[in-house]
Amino acid sequence: MAPKNKGGDKKGKGKEEGGDKGKGLKPANSINVRHILCEKFSKKEEALEKLRNGAKFDDVAREYSEDKARQGGSLGWKVRGSLDATFEKAAYELEPSTTGNPKYADVKTGFGYHIIMVEGRK
């Protein structure tokens, strides 16, 4: 009978914690991500301005996003490799934050202009 790994992967933990290079984020295989998707650059800039002025991410998503807007831009948990490569690279480099005080990045993909925030990593 093979042992079940209930507490997450403990192998190599010392290496991850010891090498605080870059932003100090531990490698993750999935992220809980939200985004605001806009077709036009100008609309994305308006949304960014709202965020800079302290608006909550989910409120701005409901107002500006052209995808999943009624859910505050939530895409839920996404595993590595399941998202557009440009989107995913930016998302996995973000520190987790809250909708009230979001840390976000913006990228352009084939779908349009995205403003991305991450709520959790695992």
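Arg62 and Asp59 both belong to helix α3, where 3 residues, about one turn of the helix, separate them; helices (H or I, at least four residues) and strands (E, at least two) are DSSP runs, numbered from the N terminus. The model is a predicted one, in which local features need pLDDT of at least 70 and side-chain atom pairs count only at pLDDT 80 or more, while totals for chains, interfaces and linings use all residues. Residues are numbered from 1 along each chain as its sequence is written, and side-chain values use heavy atoms, with hydrogens and water left out.

The side chains of Arg62 and Asp59 form a salt bridge with an N to O distance of 3.2 Å. The term denotes a side-chain nitrogen of Lys or Arg within 4 Å of a carboxyl oxygen of Asp or Glu. By this rule the model contains 10 salt bridges. Arg62 is partly exposed at 44% relative accessibility, and Asp59 is partly exposed at 40%; buried means under 20% relative accessible area, exposed over 50%, and partly exposed in between (1.4 Å probe, protein chains only).

Helix α3 (residues 57-64) is also joined to helix α2 by a side-chain pair. Glu63 and Lys50 meet in a salt bridge at 3.8 Å, N to O. Because Glu63 lies in α3 and Lys50 in α2, the pair ties together parts that are 13 residues apart in sequence. Glu63 has a relative accessible area of 49% and is partly exposed; Lys50, with 32%, is partly exposed.

Within α2 (residues 41-52), Arg52 and Glu49 are 3 residues apart, and therefore separated by about one helical turn. Their side chains form a salt bridge of 3.5 Å, N to O. Glu49 counts as partly exposed, at 39% relative accessibility. A further group, Lys44, Glu45 and Asp106, is linked in a network of salt bridges.

The geometry of α2 can be checked against its length. The expected span of a helix is 1.5 Å times one less than its number of residues. For the 12 residues of α2 this gives 16 Å, which agrees with the 16 Å between its end C-alpha atoms.

The buried residues of this helix are Lys44, Ala47, Leu48 and Leu51. Viewed down the axis of α2, they fall within an arc of 100°, so they line one face of the helix; the arc is that of the directions from the helix axis to the C-beta atoms. These buried residues pack against β1 (30-38), α3, β3 (104-109) and β4 (112-121), where contact means heavy atoms within 4.5 Å. Just after α2, Gly54 adopts a positive phi of about 95°.
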